[in-house]
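This briefing gathers ring contacts, sheet layout and a few selected residues into one picture. Please keep the sequence and the model open while reading.

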Amino acid sequence: MSEGVFISFEGIDGAGKTSHVEALVQAFRDAGRQVVQTREPGGTPLAERLRELVLHQPMDALTEALVMFAARRDHLGQVIEPGLARGDVVLCDRFTDATFAYQGGGRGFDIAVLEQLERWVQSVDALPAGRLRQPHLTVWFDVPVDVAARRVAAARSPDRFEAETRDFFQRVADGYARRAAADPQRFARIDGAQSREAVREQVLQAVRSRGWLA
Ligand code: TYD
């Protein structure tokens, strides 16, 4: 049986990750792997309900952080851990780095509290005590805030995050950069401002270089 592989995809709103996630799902399936395609917040019936709330209902920053981690806990237990235990490839549109970037960077919420929640939520039975479940690879679509903002402006009825200011997204981008600097082995930084074809090639290269695709 193959080892499970856990890959997350990150970037500010408008970074353009969605179509590339789809392409990677197809590439893994073509290589004969079972793929679980999922997202955060969401991925389970409960977490999808929490997603609806957190994207549309006003709430304070602590509530927002707790909802993100509550959704994550359910998602880990119901979808991510079972998938990895089966040896599947789990491709997740956003994971904990988004909480550090959006709630930590964007909202300015206390990073030490987020780290505590991360320790509680990402401690899982399959790993020895003290080790946290993290993606094996995080594909980070890094694009200038202005480029991303132009793409988001074209979208209809923005949610609570998409409606945020340019300064907010600059702080989110800085939050991603800090997480990437703290764990450079896990992160593959993709220059998302390039052509779609060039971005696609960078994403495939990041996965191939880890030996998961030929
Ligand atoms: P997104 O992944 O961009 O989905 P779509 O492409 O359908 O809009 O939407 C999720 C939003 O939630 C995005 O604005 C980032 C935000 N978010 C957080 O603020 N914290 C988190 O921990 C996660 C997972 C997402």
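The charged end of Arg 72 sits over the ring of Phe 69, 4.9 Å from the ring centre, where a charge counts as over a ring if NZ of Lys or CZ of Arg is within 6 Å of the ring centre and within 35 degrees of the ring normal. Arg 72 also lies over the face of Phe 95, at 5.2 Å from the centre of that ring. The model is predicted, so local features need pLDDT of at least 70 and side-chain atom pairs count only at pLDDT 80 or more, whereas totals for chains, interfaces and linings use all residues. Residues are numbered from 1 along each chain as its sequence is written, and side-chain values use heavy atoms, with hydrogens and water left out.

**Around Arg 72 and Glu 40**

- The side chain of Arg 72 makes a polar contact of 2.5 Å with the side chain of Glu 40; a polar contact is a pair of N or O atoms within 3.5 Å, and within protein one must be able to donate a hydrogen and the other to accept it, while residues adjacent in sequence count only if both atoms are side-chain atoms.
- Glu 40 is placed in the loop between β2 and α2 (45-56), with helices (H or I, at least four residues) and strands (E, at least two) taken as DSSP runs numbered from the N terminus.
- At 4% relative accessibility Glu 40 counts as buried, a term that means under 20% relative accessible area, with exposed being over 50% and partly exposed in between (1.4 Å probe, protein chains only).
- Not counting residues up to four places away in sequence, Glu 40 touches Arg 51, Arg 72, His 75, Ile 80, Cys 92, Asp 93, Arg 94 and Phe 95, contact meaning heavy atoms within 4.5 Å.

**Aromatic pairs**

- A search of the whole structure finds seven aromatic pairs; rings of Phe, Tyr and Trp (its six-membered ring) pair if their centres lie within 6.5 Å, and planes under 30 degrees apart count as stacked, over 60 as edge-to-face and the rest as tilted.
- Tyr 102 and Phe 169 form an edge-to-face pair, at 6.4 Å centre to centre and with 85 degrees between the planes.
- This pair links distant parts of the chain, since Tyr 102 belongs to helix α4 (residues 96-106) and Phe 169 to helix α7 (residues 166-182), 67 residues apart; both Tyr 102 and Phe 169 are buried.
- The rings of Tyr 102 and Tyr 176 have their centres 6.4 Å apart and their planes at 85 degrees, so this pair is edge-to-face.
- Because Tyr 102 lies in helix α4 and Tyr 176 in helix α7, their pair ties together parts that are 74 residues apart in sequence.
- Tyr 102 is buried with a relative accessible area of 5%, and Tyr 176 counts as buried at 0% relative accessibility.
- Ring pairs link Tyr 102, Phe 161, Phe 168, Phe 169 and Tyr 176 into a cluster.

**A second residue of helix α4**

- Gln 103 also has its place in helix α4, and at 2% relative accessibility it counts as buried.
- The side chains of Gln 103 and Glu 64 are joined by a polar contact of 2.6 Å.
- Beyond four places in sequence, the residues that Gln 103 touches include Glu 64, Met 68, Leu 114 and Phe 161.

**The sheet**

- Five strands form an open sheet in the order β2-β3-β1-β4-β5, with parallel pairing; two strands pair if DSSP finds at least two bridges between them.
- The edge strands are β2 (35-39) and β5 (187-191), each of which pairs on one side only.
- From one strand to the next the twist averages 20 degrees, with axes being lines fitted to C-alpha atoms, for helices over the stretch in contact, and angles running from 0 to 180 degrees between N-to-C directions.
- Strand β4 (residues 137-142) and β5 pair in the parallel sense over five bridges, and the bridge partner of Phe 141 in β5 is Ile 190.
- Helix α7 lies across β1 (5-10), β4 and β5, running at about 145 degrees to β4.

- Thr 138 lies in strand β4 and counts as buried at 0% relative accessibility.
- Leaving aside neighbours within four places in sequence, Thr 138 is in contact with Ser 8, Glu 10, Asp 97, Arg 186, Phe 187 and Ala 188.
- Val 199 is found in helix α8 (residues 196-208) and counts as buried at 3% relative accessibility.
- Among the residues that Val 199 touches, not counting those up to four places away in sequence, are Phe 141 and Ile 190.
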